[in-house]
Each structure stands twice: as structure tokens, then as C-alpha cells.
Number of protein chains: 2
Amino acid sequence: MTSFEFFRNRRTVRRYSQKQVSTELLESMLEAASQAPTTGNMQLYSVIVTRTQEGKRALAPHHFNQPQVEGCDVLLTFCADFNRFVKWCEASDAKPGYDNFQSFVTAVIDTTIFAQQFCTIAEMEGLGCCYLGTTTYTAPEIAKALDLPARVVPLITLSVGYPEGEAPLSDRIPISAILHEERYQDYSPEAIKAAYAAKEARDDSKQFIAENGKQTLAQVFTDVRYTRANNELFSRLYLDFIVSQGFSLPDSEVK
Amino acid sequence: MTSFEFFRNRRTVRRYSQKQVSTELLESMLEAASQAPTTGNMQLYSVIVTRTQEGKRALAPHHFNQPQVEGCDVLLTFCADFNRFVKWCEASDAKPGYDNFQSFVTAVIDTTIFAQQFCTIAEMEGLGCCYLGTTTYTAPEIAKALDLPARVVPLITLSVGYPEGEAPLSDRIPISAILHEERYQDYSPEAIKAAYAAKEARDDSKQFIAENGKQTLAQVFTDVRYTRANNELFSRLYLDFIVSQGFSLPDSEVK
């Protein structure tokens with residue numbers, strides 16, 4: 001299989017077999033992933049490995065009890081981490097200036113690159129992964145459950161294990177709708193229609209609309225899955241938490 | 001080569017040969033990368049492809065004239081993009097609620113996953129890439145050069161091309177210093193020392209300290225590479241820009 005075929009056929013895996021991921025394999029994958037790009041070679045991330053049933057059970061409500069939390073073999077919480085680097089600076093007679101928004105964004109990029117490199121390596125080893133978007137919704141609770149100190153913010157959770165059954169291939173919009181040559185070409189109504197036409201025509205999309213009692217697929221997103229009320233609530237909770245963990249906002253304070 | 005060996009040996013490539021990356025290959029790689037995980041299958045990103053010498057020259061100062069901007073074959077600017085999705089919602093009788101910080105963070109994660117998946121695919125195809133950290137420093141200027149509309153924020157720039165010569169392998173701290181079992185084990189002074197000992201002992205680190213007239217390696221970061229003054233300046237500029245692009249902060253306004 002060429003790398004193109006492999007990447008075009010990757011799937012998100014939510015159901016896992018009983019087969020365990022050995023500690024040796026897990027650490028080898030994480031170590032290989034740490035060779036991924038990182039800003040200034042600072043490696044601004046940590047990962048918390050949850051393998052015990054007790055640990056997964058404690059985290060499950062913070063992921064809205066999605067079944068893959070308790071159903072996976074290993075749960076990995078990837079955190080944007082300036083704690084280790086700042087402690088190194090302080091131990092090295094250096095005055096760190098990383099208690100700010102730019103540093104947080106840098107750590108977010110570093111952490112996501114690392115998590116995605118791990119995900120790719122795991123998939124190439126025959127494992128399956130699922131990103132849990134809930135991590136930024138309940139960060140304070142996750143941080144408490146995992147004893148996260150200041151300057152450490154949970155960002156991404158991956159459930160990991162050997163796949164049970166075959167996971168479906170997700171659809172994507174045409175790459176032409178994502179690519180812009182030299183300058184951003186804003187979308188005309190026709191371009192938007194073309195970009196989402198195939199997605200809207202899918203049977204599973206129609207089923208999704210019907211199940212949720214909506215008229216359009218976009219309404220399932222705006223009214224059910226990612227609502228304004230939730231987005232605004234989680235914006236406040238997450239930003240407050242980031243600030244409380246030591247990343248201040250410039251010239252303003254979050255109430 | 002196993003995937004472990006491949007990922008453990010990947011390098012950041014800053015020097016490129018004259019060989020061109022064909023448009024077909026570039027689009028195939030981006031298309032394969034778009035199968036990477038994405039929140040709720042929303043694909044909250046766009047990529048601007050800069051291939052013309054004129055386009056690269058216009059962007060170079062916004063990347064502090066790092067030579068790989070004009071020296072690469074293709075420059076890719078990955079943007080967190082809620083514009084396309086919001087336009088789809090509006091065209092679909094759905095009321096989007098994505099003008100907030102949580103939505104921005106979601107788009108940042110999506111965009112970084114996509115960029116890193118592209119980077120991996122490109123490296124497996126024999127190409128070399130380099131992340132330019134400058135993108136979040138000069139976002140307003142980059143946005144202007146690339147005609148980015150509201151709800152689109154530049155996040156990551158990758159220079160891409162066929163490698164010229166062999167790039168060095170970067171060191172990384174031991175994976176044991178990044179991994180935490182079940183709960184975060186905060187770092188003792190001894191643990192910090194152990195984590196950074198090998199890095200500090202390297203000849204290139206010592207040379208780096210000497211070249212910058214510093215006493216410790218950490219001081220090169222705090223006093224030269226990523227200073228408080230710059231971080232605070234870029235925090236303000238980037239956050240102001242995010243807000244001006246339509247992602248409001250909760251309960252407060254950036255001055």
C-alpha cells in the first residue's frame with residue numbers, strides 16, 4: 001500500500017477489541033511521535049496515560065460518557081505544557097516570559113502536532129484512535145482529575161486500542177474547496193453549494209437530518225451538535241481556565 | 001524501513017533543491033491529508049498555496065525574511081477557517097454560533113492536524129518541510145497579503161520542497177520526561193535536570209550559548225529567541241486580530 005492509499009483510507013475507530021496495547025509499544029510510539037516538528041525544539045506538551053478502569057471511569061463524565069472512554073484500552077490526554085520548560089528556565093538562571101496568550105497558542109500547536117503524529121504512528125501499527133472534542137469543554141474537571149499544575153492545559157484526548165470490526169470511512173469535501181491559489185478566493189453561493197453538495201446527498205446525512213428532526217444538515221450542526229449556547233459557555237469556561245492556569249490575556253482581564 | 005524508523009529519523013528541511021513539486025502531487029498530498037481527523041467532520045481550515053516568486057517575496061518580510069520562504073518550492077499557509085462553514089450554514093437556513101473563542105480553538109486544532117498530516121505525507125514522499133513560527137506573529141500582514149476574509153486566521157506556514165543535502169536530526173528530551181502515568185507527576189529539580197541533561201551536554205547547545213553570549217541554554221530561549229517583550233507584543237497583536245476577524249472573547253473586550 002502506498003502512503004497515499006494508507007492516508008486516504010484511514011478511519012476514526014470508536015470500538016476496540018479486548019487486545020491490549022503493550023506498554024512497550026505505547027512508549028515506542030510516543031517516543032517516535034516526539035520527533036515531530038516542535039517550535040524551537042521546546043516540546044511544549046505532556047501526555048497523561050490512563051490505563052486503569054478506575055482512571056477511565058473518573059474521566060468518563062468529563063467526556064460526556066462517550067462509550068470509547070471506558071471502552072478503549074488506553075486513554076491519552078495531551079496537554080499544552082509550559083510547566084516543564086519554565087521550571088527548566090528557572091533552574092537555569094533564566095527568566096521565562098511565557099505566561100501569555102502567544103505562548104499558549106505555541107503550546108497548542110506543538111501539542112496538536114505531537115498528538116496527530118502519535119495518531120498516525122498508531123494507525124500504521126494497526127491500532128485505531130478517536131479524538132474526543134470534549135477536552136476543551138471540561139478542562140477544569142479533567143485538570144483536577146489528572147492533578148495538572150499551573151501552566152498545563154488539557155487540549156486533546158485520544159482513545160486508543162485495537163479496532164473491533166471495521167470502522168466506516170468518513171466523507172470529506174472536495175480538496176478544491178479547501179485550496180486557494182496565491183490568494184484566498186472567497187466563496188460564492190455557487191461555490192458553497194458545490195463544496196457541500198456530495199455531503200448533503202449522502203444517505204447518512206439524510207438520516208442524520210431526519211433523526212434530529214431538522215430540515216437541513218447544517219441545522220444539525222447549529223441547533224444540535226455545536227450550538228451557540230454551548231460554544232459560548234465553553235468559551236468562557238476554557239478561557240477562564242487558561243488564564244487561571246497562568247496564561248494571561250493582554251490588556252484585559254476575563255471576568 | 002518500519003514506520004518507527006521513519007518517524008524517528010524525520011528531519012526538518014530548510015534547504016531545497018531546484019526540483020519542482022508538481023501541482024498534481026501537491027494536490028494529491030493535500031487531498032490525502034484531508035482524511036485526517038477533524039472535529040465533527042467540519043474541516044475548519046483552508047490552505048493558501050504560494051508558488052510564484054512574487055507571492056513568496058511579498059510574504060518573506062512577514063516571516064522575518066527567513067531564507068526558506070523564497071528558497072522553497074511551495075509555501076503553504078494553513079488558516080483556521082470558519083468562513084466556509086458559516087457561509088454553508090447561512091445558505092442552509094441554519095443560524096451559526098461560531099463567532100467565539102471555543103470555535104477558534106476548535107479550528108486551530110483542526111488546522112494543525114491537517115497541516116501535520118500533510119507534513120507527514122510530504123516527508124513520506126521524499127519531500128522536506130519546515131514550520132515557520134512567524135505566522136502567529138504577523139497574522140494581520142499575512143492576512144492582508146493573502147486576502148483573508150473575516151473568520152479566517154493564519155496559523156501555520158510550511159515551506160515545502162525536495163531536500164538539498166542532508167538535514168540534521170534534532171535532539172529530543174527523553175520520552176519519560178513527557179509521559180505521566182495516570183496522574184501528572186510534577187517535576188522535581190532533579191527530574192528537570194535529568195530531562196535536559198543530554199540536551200545541555202550537546203556540542204551544538206554549547207556553541208549556541210557561546211554564539212549568543214549567554215551562560216545557560218535556557219537563557220538563549222528567554223533572552224534571545226522567545227523573549228517576554230516579543231511574546232507579550234505578539235500576544236496582543238494576535239489576540240486583537242483574532243477578535244477583529246470575528247472570534248469574540250467572552251465577557252470582555254480586548255483593548
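Modeller: The following account concerns the interface of the two chains. This is a predicted model, in which local features need pLDDT of at least 70 and side-chain atom pairs count only at pLDDT 80 or more, while totals for chains, interfaces and linings use all residues. Residues are numbered from 1 along each chain as its sequence is written, chains are lettered from A in the order in which they are written, and side-chain values use heavy atoms, with hydrogens and water left out.

Chain A is superposed on chain B by a rotation of 180° with 0.0 Å of shift along its axis, at an RMSD of 0.0 Å (least squares on the C-alpha atoms of residues with pLDDT of at least 70 in both). The two copies are thus related as by a two-fold rotation axis. Contact (heavy atoms within 4.5 Å) involves 120 residues of chain A and 120 residues of chain B. Because 100% of the interface residues of chain A are also interface residues in chain B, the copies meet through the same surface.

About 11,000 Å² is buried between chain A and chain B, and carbon and sulfur atoms give 59% of this area; buried area is the accessible area (1.4 Å probe) that two parts lose on being put together, summed over both. On the side of chain A, the residues losing the most area to chain B are A:Gln35, A:Trp88 and A:Tyr184, together 8% of what that side buries.

Eight salt bridges cross the interface of chain A and chain B, a salt bridge being a side-chain nitrogen of Lys or Arg within 4 Å of a carboxyl oxygen of Asp or Glu. A:Arg183 and B:Asp147 meet in a salt bridge through their side chains, at 3.1 Å from N to O. Helix H6 (residues 101–124) of chain A gives the most to the side of chain A that touches chain B, with 15 residues. By class, that side of chain A has 59 nonpolar, 32 polar and 29 charged residues (Ala, Val, Leu, Ile, Met, Phe, Trp, Tyr, Cys and Pro count as nonpolar, Asp, Glu, Lys and Arg as charged, and the others, Gly among them, as polar).

Strands also pair between the chains: strand E1 (residues 45–50) of chain A and strand E5 (residues 179–181) of chain B run parallel, joined by three bridges. Pairing requires at least two DSSP bridges, and helices (H or I, at least four residues) and strands (E, at least two) are DSSP runs numbered from the N terminus. A:Ile48 stands opposite B:His180 in E5(B).
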